[in-house]
Amino acid sequence: MGGVPNHPAAALPALPVLQADCANCFALCCVALPFAKSSDFAVNKPAGTPCKNLQQDFRCGIHTRLRDKGFQGCTVFDCFGAGQQASQVTFGGRDWRTHPGTAGQMFAVFPVLRQLHELLFYVSEALTLPAAAQVHADLRRVLTETEEWTRADAQALTDLDVGALRRRINTLLLKTSELVRAKVPGRKKNHRGADLMGARLSGADLRGANLRGAYLIAADLTRADLRTADMIGADLRDTNLRGADLRDTLFLTQPQLNAAQGDPTTQIPPTLTRPTHWT
(Lines give C-alpha, C1' and ligand atoms only; values in the text may rest on other atoms or scores of the structure.)
Protein backbone atom coordinates (compact mmCIF):
# COMPACT_ATOMS: atom_id res chain seq x y z
CA MET A 1 0.00 0.00 0.00
CA GLY A 2 3.04 2.29 -0.25
CA GLY A 3 3.47 5.17 -2.63
CA VAL A 4 0.77 7.54 -1.38
CA PRO A 5 2.27 10.58 0.40
CA ASN A 6 0.91 11.82 3.71
CA HIS A 7 -0.85 15.17 3.96
CA PRO A 8 -2.15 17.19 6.90
CA ALA A 9 -5.44 15.72 8.06
CA ALA A 10 -7.20 19.09 7.89
CA ALA A 11 -6.44 19.61 4.19
CA LEU A 12 -9.32 17.82 2.49
CA PRO A 13 -8.78 17.00 -1.19
CA ALA A 14 -11.02 17.99 -4.05
CA LEU A 15 -12.91 14.78 -4.66
CA PRO A 16 -13.72 13.39 -8.09
CA VAL A 17 -17.40 13.42 -9.05
CA LEU A 18 -19.03 10.51 -7.22
CA GLN A 19 -21.87 9.79 -9.61
CA ALA A 20 -21.84 8.43 -13.12
CA ASP A 21 -21.25 10.75 -16.07
CA CYS A 22 -21.86 8.38 -18.96
CA ALA A 23 -21.12 11.03 -21.61
CA ASN A 24 -17.48 11.08 -20.46
CA CYS A 25 -17.10 7.32 -20.07
CA PHE A 26 -16.21 4.67 -22.65
CA ALA A 27 -19.15 2.49 -21.58
CA LEU A 28 -16.94 0.55 -19.19
CA CYS A 29 -19.85 -0.97 -17.23
CA CYS A 30 -21.21 -2.29 -20.54
CA VAL A 31 -17.96 -4.04 -21.39
CA ALA A 32 -15.73 -4.69 -18.38
CA LEU A 33 -18.32 -6.30 -16.13
CA PRO A 34 -19.96 -9.72 -16.59
CA PHE A 35 -23.65 -10.47 -16.09
CA ALA A 36 -25.72 -13.63 -16.04
CA LYS A 37 -29.12 -14.25 -17.60
CA SER A 38 -31.65 -13.65 -14.85
CA SER A 39 -34.53 -11.39 -13.88
CA ASP A 40 -32.01 -8.52 -14.08
CA PHE A 41 -30.42 -9.37 -17.45
CA ALA A 42 -31.92 -10.92 -20.56
CA VAL A 43 -28.69 -12.62 -21.66
CA ASN A 44 -25.33 -13.87 -20.42
CA LYS A 45 -22.29 -11.68 -20.99
CA PRO A 46 -18.68 -12.46 -19.97
CA ALA A 47 -16.35 -9.81 -18.57
CA GLY A 48 -14.44 -7.85 -21.20
CA THR A 49 -17.04 -8.44 -23.92
CA PRO A 50 -19.21 -5.53 -25.13
CA CYS A 51 -22.93 -5.85 -24.46
CA LYS A 52 -24.87 -6.61 -27.64
CA ASN A 53 -26.79 -3.36 -27.16
CA LEU A 54 -23.67 -1.17 -27.11
CA GLN A 55 -23.29 1.10 -30.13
CA GLN A 56 -20.06 2.32 -31.75
CA ASP A 57 -20.39 5.72 -30.06
CA PHE A 58 -20.37 4.04 -26.61
CA ARG A 59 -24.09 4.67 -26.13
CA CYS A 60 -26.74 2.10 -25.30
CA GLY A 61 -29.08 1.30 -28.17
CA ILE A 62 -32.00 0.53 -25.81
CA HIS A 63 -31.28 3.03 -23.03
CA THR A 64 -34.89 4.26 -22.78
CA ARG A 65 -36.28 0.69 -22.92
CA LEU A 66 -33.88 -1.20 -20.67
CA ARG A 67 -36.53 -2.42 -18.23
CA ASP A 68 -38.90 -3.42 -21.02
CA LYS A 69 -36.12 -5.37 -22.76
CA GLY A 70 -35.11 -7.33 -19.65
CA PHE A 71 -32.10 -5.29 -18.59
CA GLN A 72 -33.37 -4.01 -15.27
CA GLY A 73 -29.91 -4.56 -13.76
CA CYS A 74 -28.49 -1.82 -15.96
CA THR A 75 -30.93 0.72 -14.52
CA VAL A 76 -29.87 -0.19 -10.98
CA PHE A 77 -26.10 -0.02 -11.45
CA ASP A 78 -24.12 3.13 -10.65
CA CYS A 79 -20.33 3.34 -10.85
CA PHE A 80 -20.02 6.27 -8.39
CA GLY A 81 -18.16 8.15 -11.12
CA ALA A 82 -15.46 5.53 -11.62
CA GLY A 83 -16.23 5.19 -15.33
CA GLN A 84 -15.35 8.72 -16.31
CA GLN A 85 -12.38 8.72 -13.90
CA ALA A 86 -10.89 5.67 -15.61
CA SER A 87 -11.72 6.95 -19.09
CA GLN A 88 -10.62 10.57 -18.78
CA VAL A 89 -8.05 10.58 -15.96
CA THR A 90 -6.39 7.17 -15.67
CA PHE A 91 -6.30 6.62 -19.44
CA GLY A 92 -6.28 10.26 -20.51
CA GLY A 93 -9.23 10.03 -22.88
CA ARG A 94 -7.83 7.08 -24.87
CA ASP A 95 -10.72 4.71 -25.53
CA TRP A 96 -10.46 0.95 -25.84
CA ARG A 97 -11.80 0.86 -29.40
CA THR A 98 -9.26 3.31 -30.85
CA HIS A 99 -6.48 2.04 -28.58
CA PRO A 100 -7.23 -1.69 -28.17
CA GLY A 101 -3.96 -2.19 -26.32
CA THR A 102 -5.47 -0.37 -23.33
CA ALA A 103 -8.55 -2.59 -23.13
CA GLY A 104 -7.38 -5.32 -20.76
CA GLN A 105 -5.85 -2.95 -18.23
CA MET A 106 -8.74 -0.51 -18.48
CA PHE A 107 -11.25 -3.26 -17.76
CA ALA A 108 -9.16 -4.40 -14.78
CA VAL A 109 -8.82 -0.89 -13.36
CA PHE A 110 -12.51 0.02 -13.60
CA PRO A 111 -13.76 -2.30 -10.79
CA VAL A 112 -10.94 -1.09 -8.53
CA LEU A 113 -11.83 2.54 -9.13
CA ARG A 114 -15.48 1.79 -8.52
CA GLN A 115 -14.63 0.46 -5.07
CA LEU A 116 -12.47 3.50 -4.34
CA HIS A 117 -15.23 5.88 -5.38
CA GLU A 118 -17.78 4.00 -3.31
CA LEU A 119 -15.46 4.30 -0.30
CA LEU A 120 -15.11 8.03 -0.94
CA PHE A 121 -18.90 8.29 -0.97
CA TYR A 122 -19.19 6.60 2.44
CA VAL A 123 -16.32 8.50 4.06
CA SER A 124 -17.60 11.83 2.73
CA GLU A 125 -20.99 11.13 4.29
CA ALA A 126 -19.41 10.10 7.60
CA LEU A 127 -17.59 13.45 7.72
CA THR A 128 -20.94 15.30 7.60
CA LEU A 129 -22.17 13.60 10.79
CA PRO A 130 -21.48 15.69 13.94
CA ALA A 131 -22.11 12.71 16.25
CA ALA A 132 -19.05 11.00 14.75
CA ALA A 133 -16.71 13.94 15.42
CA GLN A 134 -14.27 11.82 17.41
CA VAL A 135 -13.34 9.79 14.32
CA HIS A 136 -13.37 12.70 11.85
CA ALA A 137 -9.58 13.14 11.94
CA ASP A 138 -9.04 9.49 10.98
CA LEU A 139 -11.74 9.76 8.34
CA ARG A 140 -10.07 12.81 6.81
CA ARG A 141 -6.81 10.91 6.58
CA VAL A 142 -8.33 7.94 4.76
CA LEU A 143 -10.33 10.29 2.54
CA THR A 144 -7.10 11.95 1.38
CA GLU A 145 -5.39 8.59 0.88
CA THR A 146 -8.29 7.14 -1.08
CA GLU A 147 -8.66 10.22 -3.26
CA GLU A 148 -4.97 10.02 -4.15
CA TRP A 149 -5.37 6.40 -5.18
CA THR A 150 -8.09 7.47 -7.66
CA ARG A 151 -5.39 9.52 -9.44
CA ALA A 152 -2.79 6.75 -9.48
CA ASP A 153 -1.64 5.23 -12.75
CA ALA A 154 -3.17 2.08 -14.16
CA GLN A 155 -0.43 -0.27 -12.95
CA ALA A 156 -0.59 1.05 -9.38
CA LEU A 157 -4.36 0.64 -9.36
CA THR A 158 -4.09 -2.90 -10.71
CA ASP A 159 -1.62 -3.77 -7.94
CA LEU A 160 -3.57 -2.04 -5.15
CA ASP A 161 -4.86 -4.24 -2.32
CA VAL A 162 -8.21 -2.49 -2.28
CA GLY A 163 -9.61 -5.08 0.12
CA ALA A 164 -7.12 -4.07 2.80
CA LEU A 165 -8.00 -0.41 2.34
CA ARG A 166 -11.67 -1.27 2.48
CA ARG A 167 -11.22 -3.13 5.78
CA ARG A 168 -9.43 -0.16 7.36
CA ILE A 169 -12.14 2.24 6.25
CA ASN A 170 -14.91 -0.13 7.31
CA THR A 171 -13.58 -0.05 10.88
CA LEU A 172 -14.07 3.73 10.90
CA LEU A 173 -17.49 3.49 9.27
CA LEU A 174 -18.59 0.97 11.90
CA LYS A 175 -17.50 3.37 14.63
CA THR A 176 -19.30 6.20 12.87
CA SER A 177 -22.46 4.13 12.73
CA GLU A 178 -22.26 3.22 16.41
CA LEU A 179 -21.76 6.84 17.48
CA VAL A 180 -24.66 8.13 15.39
CA ARG A 181 -27.10 5.38 16.25
CA ALA A 182 -26.28 5.69 19.95
CA LYS A 183 -28.07 9.05 19.87
CA VAL A 184 -31.36 7.36 18.96
CA PRO A 185 -33.44 6.75 22.10
CA GLY A 186 -34.61 3.27 23.01
CA ARG A 187 -33.39 -0.16 22.04
CA LYS A 188 -32.15 -0.41 18.47
CA LYS A 189 -32.83 -3.49 16.35
CA ASN A 190 -29.81 -5.46 15.18
CA HIS A 191 -30.53 -7.09 11.81
CA ARG A 192 -26.94 -7.13 10.54
CA GLY A 193 -26.68 -9.70 7.76
CA ALA A 194 -30.18 -10.98 8.56
CA ASP A 195 -32.32 -12.88 6.07
CA LEU A 196 -35.35 -10.61 5.84
CA MET A 197 -36.37 -11.59 2.32
CA GLY A 198 -40.10 -11.02 1.93
CA ALA A 199 -40.38 -9.88 5.56
CA ARG A 200 -43.52 -8.01 6.55
CA LEU A 201 -42.19 -4.85 8.15
CA SER A 202 -44.88 -2.40 7.14
CA GLY A 203 -44.89 0.55 9.52
CA ALA A 204 -41.93 -0.81 11.50
CA ASP A 205 -39.92 1.52 13.72
CA LEU A 206 -36.38 0.87 12.49
CA ARG A 207 -34.81 4.10 13.66
CA GLY A 208 -31.17 3.50 14.50
CA ALA A 209 -31.37 -0.14 13.39
CA ASN A 210 -28.33 -2.03 12.14
CA LEU A 211 -29.31 -3.30 8.68
CA ARG A 212 -25.76 -3.76 7.38
CA GLY A 213 -25.74 -6.48 4.76
CA ALA A 214 -29.34 -7.46 5.49
CA TYR A 215 -31.24 -9.31 2.78
CA LEU A 216 -34.38 -7.23 2.32
CA ILE A 217 -35.27 -8.58 -1.12
CA ALA A 218 -39.01 -8.07 -1.76
CA ALA A 219 -39.55 -7.12 1.89
CA ASP A 220 -42.53 -4.93 2.76
CA LEU A 221 -41.19 -1.74 4.33
CA THR A 222 -44.14 0.45 3.44
CA ARG A 223 -44.39 3.39 5.84
CA ALA A 224 -41.40 2.08 7.83
CA ASP A 225 -39.28 4.61 9.72
CA LEU A 226 -35.65 4.02 8.70
CA ARG A 227 -34.13 7.26 9.92
CA THR A 228 -30.52 6.78 11.11
CA ALA A 229 -30.62 3.08 10.21
CA ASP A 230 -27.27 1.79 8.92
CA MET A 231 -27.89 0.56 5.36
CA ILE A 232 -24.38 -0.34 4.14
CA GLY A 233 -24.63 -3.37 1.87
CA ALA A 234 -28.34 -3.96 2.51
CA ASP A 235 -29.93 -5.74 -0.47
CA LEU A 236 -33.00 -3.69 -1.44
CA ARG A 237 -33.94 -5.45 -4.65
CA ASP A 238 -37.70 -5.07 -5.08
CA THR A 239 -38.04 -3.88 -1.47
CA ASN A 240 -41.32 -2.00 -1.08
CA LEU A 241 -40.39 1.43 0.26
CA ARG A 242 -43.65 3.17 -0.56
CA GLY A 243 -44.36 5.75 2.11
CA ALA A 244 -41.15 4.85 4.01
CA ASP A 245 -39.03 7.50 5.69
CA LEU A 246 -35.38 7.19 4.64
CA ARG A 247 -34.26 10.67 5.64
CA ASP A 248 -30.98 10.60 7.56
CA THR A 249 -30.41 6.90 6.85
CA LEU A 250 -26.73 6.03 7.10
CA PHE A 251 -24.77 5.12 3.97
CA LEU A 252 -27.75 4.63 1.66
CA THR A 253 -26.64 4.66 -2.00
CA GLN A 254 -28.29 5.46 -5.31
CA PRO A 255 -27.98 1.84 -6.56
CA GLN A 256 -29.88 0.65 -3.48
CA LEU A 257 -32.70 3.10 -4.18
CA ASN A 258 -32.69 2.17 -7.86
CA ALA A 259 -33.15 -1.50 -6.95
CA ALA A 260 -36.15 -0.82 -4.68
CA GLN A 261 -39.76 0.14 -5.27
CA GLY A 262 -41.06 3.47 -4.04
CA ASP A 263 -43.55 6.23 -4.71
CA PRO A 264 -43.94 10.01 -4.30
CA THR A 265 -44.55 9.57 -0.55
CA THR A 266 -41.18 7.83 0.01
CA GLN A 267 -38.91 10.29 1.78
CA ILE A 268 -35.28 10.05 0.69
CA PRO A 269 -32.02 11.83 1.61
CA PRO A 270 -31.55 15.12 -0.28
CA THR A 271 -28.23 13.89 -1.69
CA LEU A 272 -29.93 11.08 -3.65
CA THR A 273 -32.28 11.13 -6.63
CA ARG A 274 -35.77 9.64 -6.80
CA PRO A 275 -35.64 6.76 -9.33
CA THR A 276 -37.63 7.39 -12.49
CA HIS A 277 -39.41 4.02 -12.27
CA TRP A 278 -40.99 4.81 -8.90
CA THR A 279 -44.71 5.41 -9.22
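The model you are looking at is predicted, so local features need pLDDT of at least 70 and side-chain atom pairs count only at pLDDT 80 or more, while totals for chains, interfaces and linings use all residues. Residues are numbered from 1 along each chain as its sequence is written, and side-chain values use heavy atoms, with hydrogens and water left out.

Alanine 27 sits in the segment before helix 1 (72-76); helices here are DSSP runs of H or I with at least four residues, numbered from the N terminus. Although alanine 27 is not a glycine, its phi is positive, at about 55°. Look for aspartate 238 in the loop between helix 6 and helix 7 (254-259). With a relative accessibility of 38%, aspartate 238 counts as partly exposed.

What does leucine 28 touch, once its neighbours within four places in sequence are left aside? Leucine 28 is in contact with Leu33, Gly83, Ala86, Ser87, Trp96, Met106, Phe107 and Phe110, where contact means heavy atoms within 4.5 Å.

Gly83, Ala86 and Ser87 lead us to helix 2, where they are among the buried residues, together with Ala82, Gln84, Gln85 and Thr90. Seven of the nine residues of helix 2 are buried, so this helix is largely enclosed by the rest of the structure. Its buried residues pack against helix 3, helix 4 and helix 5. Just after helix 2 comes glycine 92, with a positive phi of about 55°.

Now let us see how the helices meet. Two packed helices are described by the angle between their axes and the distance between the axes. Axes are lines fitted to C-alpha atoms, for helices over the stretch in contact, and angles run from 0 to 180 degrees between N-to-C directions.

The axes of helix 2 and helix 3 come within 8 Å and cross at roughly 120°. That makes helix 2 oblique to helix 3; angles under 35 degrees count as roughly parallel, over 145 as roughly antiparallel, 65 to 115 as roughly perpendicular and the rest as oblique. On the helix 2 side, Ala82, Gly83, Gln85, Ala86 and Thr90 meet Val109, Phe110, Leu113, Arg114 and His117 of helix 3. These residues divide into five nonpolar, four polar and one charged (Ala, Val, Leu, Ile, Met, Phe, Trp, Tyr, Cys and Pro count as nonpolar, Asp, Glu, Lys and Arg as charged, and the others, Gly among them, as polar).

Helix 3 also packs with helix 4, with axes that come within 10 Å and cross at roughly 155°. Helix 3 is therefore roughly antiparallel to helix 4. Among the residues making the contact are Leu113, Leu116 and His117 of helix 3 and Leu139, Val142 and Leu143 of helix 4. The residues of this contact divide into 10 nonpolar, five polar and one charged.

With helix 6, helix 3 packs at an angle of about 20°, and the axes are 11 Å apart. The two helices are therefore roughly parallel to each other. Gln115, Leu116, Glu118, Leu119, Tyr122, Val123 and Ala126 in helix 3 meet Val162, Leu165, Arg166, Ile169, Leu173 and Thr176 in helix 6. That contact divides into nine nonpolar, two polar and two charged residues.

How values were computed
Buried < 20%, exposed > 50% of the residue type's maximum accessible area, 1.4 Å probe, protein only.
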